[in-house]
Amino acid sequence: MTLRQSPLAGVYEEPTLTGFGGWEMPVEFDSIRTEHNAVRETAGKFDVSHMGQVTVSGPDALELTQRLTTNDVGALDPGDAQYAAITDEDGVVIDDTVVYRLPAKSDDDYLFIPNAGHDGEMTERWVTHRDEWGLTATVTNRTEEYAMVALQGPDSESQLSAETTLDLTTVGRFEVVSTTVSGVESLVARTGYTGEPGFEILCPVAEAETVWTALDCQPCGLGARDTLRLEMGFLLSGEEFHPRDEPRTPYEADIGWTVALDTDFVGRDALAAQDGDGVDEKLVGLELLDRGVPRHGYEVTDPDGATLGHVTSGTMSPTLGVPIALTYLPTAYAEPERSVEVVIRGEPKEARTRATPFIDR
Amino acid sequence: MSFDVPEDLRYLESHEWVSTDDDTARVGITDFAQDELGDVVFVELPAESDELAAGEEFGVVESIKAVSDIYAPVSGTVTAVNEALFDQPELVNEDPFDDGWMLEVELSDESELAELLDAAAYRDQIE
C-alpha cells in the first residue's frame, strides 16, 4: 500500500519518518526529548496534515452531525468548536474528533477532524446516514485540500501574532476564526493535543510551506506528539479505543463529559443505559515505580499476579522523568494510589494508579 | 547523516561494538544504533560473573520510542558493568563508544573476534 504524503513532505529537512494511519509522517526531527521540552517550555510546530478534514453544509448539516457525534452540536455558535466521540449503535467509540462550526463568512457550515486514515470511512458514514435519514446536506472529504499545522507551547501566541493581523486574544479556547497567516487564508483554532496553550492552523495545501516556514520554532514529530498527549492522558485512536481491538465507550475512556444524552445520536440509548448502570472498567493512569518502560499490550496484574488488563499506551515521561502509562482497569482500581504490577518481559514491575493528567495543566 | 565508526573496534550486524585489551573485551552499541533508538531512558544489563554466549541477547536498551535487545559479540564472563548507565542512560546517546559502554567481558574464545565486522564492513552496512 502506498502511504499518503503530507503536502509538507520535502519541505522539512531530514526527519525520521514513520507510517501512521496510512500516512508517512515525521516521527522525530531532533530528539523526542528536545521536541517535547520545546513545547512545554517555549513552542513547537507539528505537521498534522494526516488528520482528516470533512465539511458538512446545507439545511440539515446540524442535524446530521448531531446524530453522528456524542456532544451537543446544537450548542455551537459560529466560530465555536467542541471535542466529541463518534460511536456505533453499542456506544463504542469508533473515532474521536473536534467539530467546528465554521465562522459565518466560510463557505461551509461545519468541519470535523477524523483521525488519520479515518477520513474516507467517516465521510462514507455521514453520506450513508444522510441518505438513510433523508437529510439534505453536502458532505465533502477535504483531507487532500487542507494542510494542518499545530503550533503549541507557552510562546505559541506571540509566535503566531507575528504572522497575523488578527488579535489572537479575541480567540478563546475551542474557538476558530478565518484569518491570514503570513498572507495565507487559513482557519485558526485555539485547540491542540499537548496540554499547552496553542493553535491549530488549517490552510490550503498549495500554501502549506509558507505557513510552516513562517513559524520560527522547533519542528516536532509524532514521537513528541505522543509523549505530550500521554502526559495529559489524552486518548489516541487505535490505542485507547479501536472498534475491534479495544472496543470502549466514552464512559470507559473517561470522556463521558463529551456525551450529551439529551441529544439524539447513534449509540445514545446504549450509553444512557451504561450511564445508569455504571461501567465495569475505566481508563486510568499508571506510574511505574520500578525501572522500565510500560508499552502497548503489556499485561497489568494485581499484586498477586492476577490479570487486570493491559497497557494501552505508555512511555517514559520526559517532563516527570518517570515511566507512565494508560490502562483500562476494573473500577475498583480507578482511583489513585492503588498498587498494581506491569509485566515487562516476563518480570512483574511495581506500579501505582495515578489521576490524569499526569502533569499540572 | 554520517555516523562515527571508530577504526579500532569490531562490530556486529546488530549494531554492537567490541574493543579488546588482551583477553578482556568492552561492549556497547554503536553511534548509528543510538541515533536509531533516540533518547535512551533505560538499560537492562546482566550482572557481574554472568556468562555470555556470542550472538545471544544479553540485555535490553529502551528509548522513549522503542525497545531493543542487545546481542553479545563474543562469549565470556562479565567482569564489569557500567553502572553509571542506570542513573544516566543518556550516556548511551551522548558518548556511545566511551562513557556509554555497557559491559566488560573476559573472553572465553578469542577466535570469535575474527568473525566480527571491521569498521569498513560495518560502515558499508549502515550506509
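Begin by selecting A:Asp254, which counts as buried because it has 20 C-beta neighbours inside 10 Å (buried means 20 or more other C-beta atoms within 10 Å of the residue's own, exposed 12 or fewer, and partly exposed in between, with C-beta atoms placed from the backbone). The model is a predicted one, in which local features need pLDDT of at least 70 and side-chain atom pairs count only at pLDDT 80 or more, while totals for chains, interfaces and linings use all residues. Residues are numbered from 1 along each chain as its sequence is written, and chains are lettered from A and ligands numbered from 1 in the order in which they are written.

A:Asp254 is located in the loop between H6 and helix H7 (268-277) of chain A; helices (H or I, at least four residues) and strands (E, at least two) are DSSP runs, numbered from the N terminus. Its phi is positive, about 65°, although the residue is not a glycine. Most residues other than glycine have a negative phi, and most peptide bonds are trans.

Select B:His15 next, in the loop between strand S1 (10-11) and strand S2 (16-21) of chain B. B:His15 is likewise not a glycine and has a positive phi of about 80°. B:His15 counts as buried because 22 C-beta neighbours lie inside 10 Å.

For a cis peptide bond, go to A:Thr356 and A:Pro357, where omega is near -5°. A:Pro357 belongs to the segment after strand S20 (347-354) of chain A.

Now display H1 and H6 of chain A together. They pack at an angle of about 55°, with axes 8 Å apart (axes are lines fitted to C-alpha atoms, for helices over the stretch in contact, and angles run from 0 to 180 degrees between N-to-C directions). H1(A) is therefore oblique to H6(A); angles under 35 degrees count as roughly parallel, over 145 as roughly antiparallel, 65 to 115 as roughly perpendicular and the rest as oblique. To see the contact, select A:Ile32, A:Glu35, A:His36 and A:Val39 in H1(A), which meet A:Gly223, A:Ala224, A:Thr227 and A:Leu228 in H6(A); a contact requires C-beta atoms, placed from the backbone, within 7 Å.

Turn to the boundary between the chains, where 14 residues of chain A are in contact with 10 residues of chain B. On the chain A side, helix H1 (32-41), helix H6 (222-232) and strand S17 (307-316) each supply at least two residues.

Next, colour the open sheet of five strands in chain A, ordered S6-S7-S8-S5-S9 with antiparallel pairing (two strands pair if DSSP finds at least two bridges between them). Its edge strands, S6 (81-87) and S9 (138-141) of chain A, each pair on one side only. Neighbouring strands are turned by 25° against each other on average, direction ignored. Helix H3 (residues 119-133) of chain A packs on the sheet, touching S5 (54-57), S6, S7 and S9, and its direction makes about 170° with that of S9(A). Seven bridges join S6(A) to S7(A) (residues 93-101), and A:Ala81 has A:Tyr100 as its bridge partner.

Finish at strands S11 (residues 176-181) and S12 (residues 184-189) of chain A, which run antiparallel and are joined by six bridges. S11(A) and S12(A) form a hairpin with two residues between them. A:Val181 stands opposite A:Val184, and A:Ser182 in the turn has a positive phi of about 50°.

Methods. Two residues are in contact if their C-beta atoms, placed from the backbone, lie within 7 Å.
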